[in-house]
Amino acid sequence: MSLRGVLAAVVGLLVGVLGTLWVTQVRSSPPSDFGADAGFARDMQTHHSQAVEMALLVRDRTDDDEVRTLAYDILTSQQQQAGQMYGWLVQWGLPQTGSRAPMAWVGAAHATDHAGSNEPMPGMATAGELAELQAASGVAAERLFLSLMIDHHTGGVAMAQAAVADARTPEVTSLAAAIAASQASEIELLEQLLDARS
Amino acid sequence: MSKSSRPHGGTKAGRTKVDEVRQAQRAKERRSRIILVTAVSSVVLLIAGIVAFTVWKDVSGRPTLDAVKTYPVTRDHTTEPVTYAQTPPVGGDHDATWLDCGVYPDPVADELAVHSLEHGAVWVTYRPDLPAEQVDKLEASIPDTYMVLSPFEGLPGPVVASAWGTQLVLTGVDDPRLAEFIRAYRQGPQTPEPGAACTGGSAGDLPPASG
């Protein structure tokens with residue numbers, strides 16, 4: 001065999017061995033600081049916390065059982081889910097605070113021009129809207145809560161779908177899929193309740 | 001191949017010529033082997049060098065948190081005003097209500113802010129005479145939740161970042177260690193009550209003392 005042949009064989013063998021090592025290493029190592037898993041775990045905690053805050057606000061501002069029950073459902077489930085995300089980051093040895101802007105993880109895996117980066121977290125209520133909810137009561141508070149929560153869930157579904165597409169750990173993809181499905185169906189309920197109060 | 005068909009085949013001079021050609025051929029092969037080995041090694045060395053330099057540059061350029069101070073602190077609830085050992089306080093006894101996280105243009109009650117630190121917030125304080133555009137810059141550089149930003153009289157530096165039991169005096173709003181401090185301590189492992197809320201508390205005023 002010529003020298004070139006031997007060299008080519010050695011290089012090929014090395015590439016093969018290193019490639020296999022790399023793949024197994026990547027599979028078994030915890031998620032990266034910049035990936036969709038960590039990004040979703042951080043941003044969805046912030047997103048969920050605001051839903052909890054709004055649900056608590058409306059429960060203190062109306063006697064309506066339908067809205068209060070829905071708010072109870074949202075706040076207990078989202079608080080529990082946020083706790084799961086917090087725990088993942090602790091297990092992965094990653095800080096709760098990312099080193100990139102919120103939502104920078106969305107679409108990063110596909111490297112399209114405008115996907116995700118630097119866009120605000122979708123569906124979040126503004127400080128002004130929260131103040132409005134704080135000041136409202138009765139049916140006005142219910143209506144405001146319902147319409148804010150429709151936007152909030154719509155954004156949440158989009159974020160969860162992005163995580164289903166790009167995350168690589170089963171814990172993230174399965175919870176994200178559950179969130180996308182449950183919030184999508186809850187949007188219909190929110191719309192019905194809002195219609196009944198218009 | 002027949003002997004007669006080979007040019008200059010049978011003569012001594014012909015054989016010498018063939019040997020010379022073969023020798024030249026071997027020398028040429030040796031040279032190209034040396035060139036190939038040198039080229040491959042150079043490329044490998046170059047790549048290793050680039051990787052090493054990149055890693056070194058990244059590690060050596062990273063801001064350090066060596067100057068962070070830690071303090072042992074108590075954590076009981078009290079309705080009394082508290083005198084804190086650190087400026088601004090990093091922990092200690094505090095009000096039963098916590099301060100809602102967010103941006104405050106005026107000084108906040110220490111007894112409330114300390115409770116937010118217990119819930120995992122990072123409290124960024126700045127000297128009251130800090131120019132407005134620098135305050136804006138500070139506000140833009142911090143996360144939206146689990147953060148309190150407020151002016152504070154008598155700070156040991158232009159900007160100070162505090163988390164439960166820990167503090168870092170910064171040189172100004174551009175100090176790169178602020179982002180590192182927030183990464184390390186916002187809802188960090190020092191948090192006594194992980195998962196506790198930084199909303200639904202007080203918007204800055206201490207509740208009236210009872211009794």
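Q: How many helices and how many strands does the secondary structure of chain A come to?

A: Begin by counting the elements, then read their order. This is a predicted model. Chain A has six helices and zero strands, and along the sequence its pattern is α-α-α-α-α-α.

Q: Is chain A a compact globule or more spread out?

A: Compare the radius of gyration with what a rule for globules gives. For the 198 residues of chain A the rule gives 16 Å, but the radius of gyration is 22 Å, well over that value, so chain A is more spread out than a compact globule. The C-alpha trace spans about 85 × 35 × 30 Å along its principal axes.

Q: Which domains does the domain assignment give for chain A?

A: Read the bounds, then look at where the centres lie. Domain 1 takes residues 1-30 and domain 2 takes residues 31-196 of chain A. Their C-alpha centres are 43 Å apart.

Q: Which residues of α3(A) are buried, and what covers them?

A: List the buried positions, then look for the elements in contact with them. The buried residues of α3(A) include Val67(A), Leu70(A), Ile74(A), Trp88(A) and Leu89(A). Among the elements that cover the buried residues of α3(A) are α2, α5 and α6 of chain A.

Q: How many residues does the contact take from chain A and from chain B?

A: Count each side, then ask which elements supply the residues. The contact takes 11 residues from chain A and 14 residues from chain B. On the side of chain A, α2 and α3 each give two or more residues, and the largest share, four residues, comes from α2(A). By class, this side has four nonpolar, six polar and one charged residues.

Q: Is Pro158(B) buried, exposed or partly exposed?

A: Locate the residue, then count around it. Pro158(B) sits in the loop between β4 and β5 of chain B. Pro158(B) is partly exposed, because 17 other C-beta atoms lie within 10 Å, where a buried residue would need 20 or more. Beyond its neighbours within four places in sequence, its contacts include Tyr126(B), Leu130(B) and Gly172(B).

Q: Where in chain A is confidence lowest, and where is it highest?

A: Where pLDDT is low, the predicted coordinates should not be read in detail. Chain A averages a pLDDT of 91, with 93% of the residues at 70 or above. Confidence in chain A is lowest in helix α1, at a mean of 80, and highest in α2(A), at 98. Over residues 112-117 of chain A, pLDDT stays under 50.

How values were computed. Residues are numbered from 1 along each chain as its sequence is written. Chains are lettered from A and ligands numbered from 1 in the order in which they are written. This is a predicted model: local features need pLDDT of at least 70, side-chain atom pairs count only at pLDDT 80 or more; totals for chains, interfaces and linings use all residues. Domain bounds come from an automatic or database domain assignment. A residue is buried if 20 or more other C-beta atoms lie within 10 Å of its own, exposed if 12 or fewer, and partly exposed in between; C-beta atoms are placed from the backbone. Two residues are in contact if their C-beta atoms, placed from the backbone, lie within 7 Å. The radius of gyration is taken over C-alpha atoms; the globule rule is 2.2 Å times the number of residues to the power 0.38. pLDDT is the predictor's confidence in each residue, from 0 to 100. Ala, Val, Leu, Ile, Met, Phe, Trp, Tyr, Cys and Pro count as nonpolar, Asp, Glu, Lys and Arg as charged, and the others, Gly among them, as polar.
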